[in-house]
Amino acid sequence: MTLHGCAREKEVSELVERGQWPQASAPELREHARQCRACADLALVALAMQTARAETMAAAQAGEVKLGSAGALWWRAQLRRRRAAVERMERPLMSAQIFALAVSLLAAAGFAAFEARHGAAWLGWLQGFPQAATAQLADISSSGWNWLLLAAAATLTLLGGVIVYLVSERQ
């Protein structure tokens with residue numbers, strides 16, 4: 001099969017358009033169409049389309065096809081347009097949700113790794129949570145690492161917001 005098709009497709013197409021295929025065609029053209037896949041497909045598809053068109057026209061003339069009012073058609077078009085707009089709006093939101101999930105999972109993994117290095121000592125921290133929470137707040141001002149973690153979290157949050165904004169603006 002070539003990209004340009006068959007040289008005899010035009011003959012088959014003209015006969016089909018006039019409604020003379022295969023009755024008025026030459027026997028060698030019919031034989032060619034049996035052997036040439038491009039011509040056979042052309043004839044088959046064109047005949048199917050003509051048959052469907054004729055049936056639709058007959059049904060429309062008989063009054064069996066009801067198109068509906070112009071208002072209903074306009075309303076359906078508006079509904080379709082709104083649905084498409086909602087789908088376009090949801091794409092960046094889905095991206096933002098996936099990004100937020102990834103950041104949350106990364107933070108949870110980092111927290112788990114940090115706590116795993118300290119052994120089971122964090123279980124004792126859970127038992128004395130109220131006292132430990134107030135002690136941690138007091139330690140934030142004296143510990144440089146806590147400020148570093150806080151700055152990293154703020155940077156990550158800001159970076160996430162900028163990425164979500166840029167992605168939503170691009171679409």
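A salt bridge is taken here as a side-chain nitrogen of Lys or Arg within 4 Å of a carboxyl oxygen of Asp or Glu, and by this rule the count comes to 3 salt bridges. The structure is a predicted model, in which local features need pLDDT of at least 70 and side-chain atom pairs count only at pLDDT 80 or more, while totals for chains, interfaces and linings use all residues. Residues are numbered from 1 along each chain as its sequence is written, and side-chain values use heavy atoms, with hydrogens and water left out.

**View 1. The salt bridge between Arg8 and Glu11**. The side chains of these two residues, Arg8 and Glu11, meet at 3.3 Å, N to O. Arg8 has 24% relative accessibility and therefore counts as partly exposed, a class that lies between buried (under 20% relative accessible area) and exposed (over 50%), with a 1.4 Å probe and protein chains only. Glu11 counts as partly exposed because its relative accessibility is 35%.

**View 2. Glu31 and Arg34 in helix H2**. Helices are DSSP runs of H or I with at least four residues, numbered from the N terminus. Within H2 (residues 27-35), Glu31 and Arg34 lie 3 residues apart, about one turn of the helix, and their side chains form a salt bridge of 2.6 Å, N to O. Glu31 is partly exposed at 36% relative accessibility, whereas Arg34, with a relative accessible area of 61%, is exposed.

**View 3. Arg37 and Asp41 in helix H3**. The closest N and O atoms of the salt bridge between Asp41 and Arg37 are 3.7 Å apart, and both residues lie in H3 (residues 37-62), 4 residues apart, about one turn of the helix. Asp41 is partly exposed, with a relative accessible area of 37%, while Arg37 is exposed at 64% relative accessibility.

**View 4. The largest nonpolar core**. A nonpolar core is a set of buried Ala, Val, Leu, Ile, Met, Phe, Trp, Tyr and Cys residues joined through side-chain atoms within 4.5 Å. The largest one has 9 residues in all, namely Val12, Leu15, Val16, Trp21, Leu29, Ala33, Cys36, Cys39 and Ala43. Helix H1 (9-18), H2 and H3 are the elements that give two or more residues to this core, and H1 gives the most, with 3 residues.

**View 5. The buried residues of H3**. These are Cys39, Ala43 and Ala59, and the buried residues of H3 pack against H1 and H2, where contact means heavy atoms within 4.5 Å.
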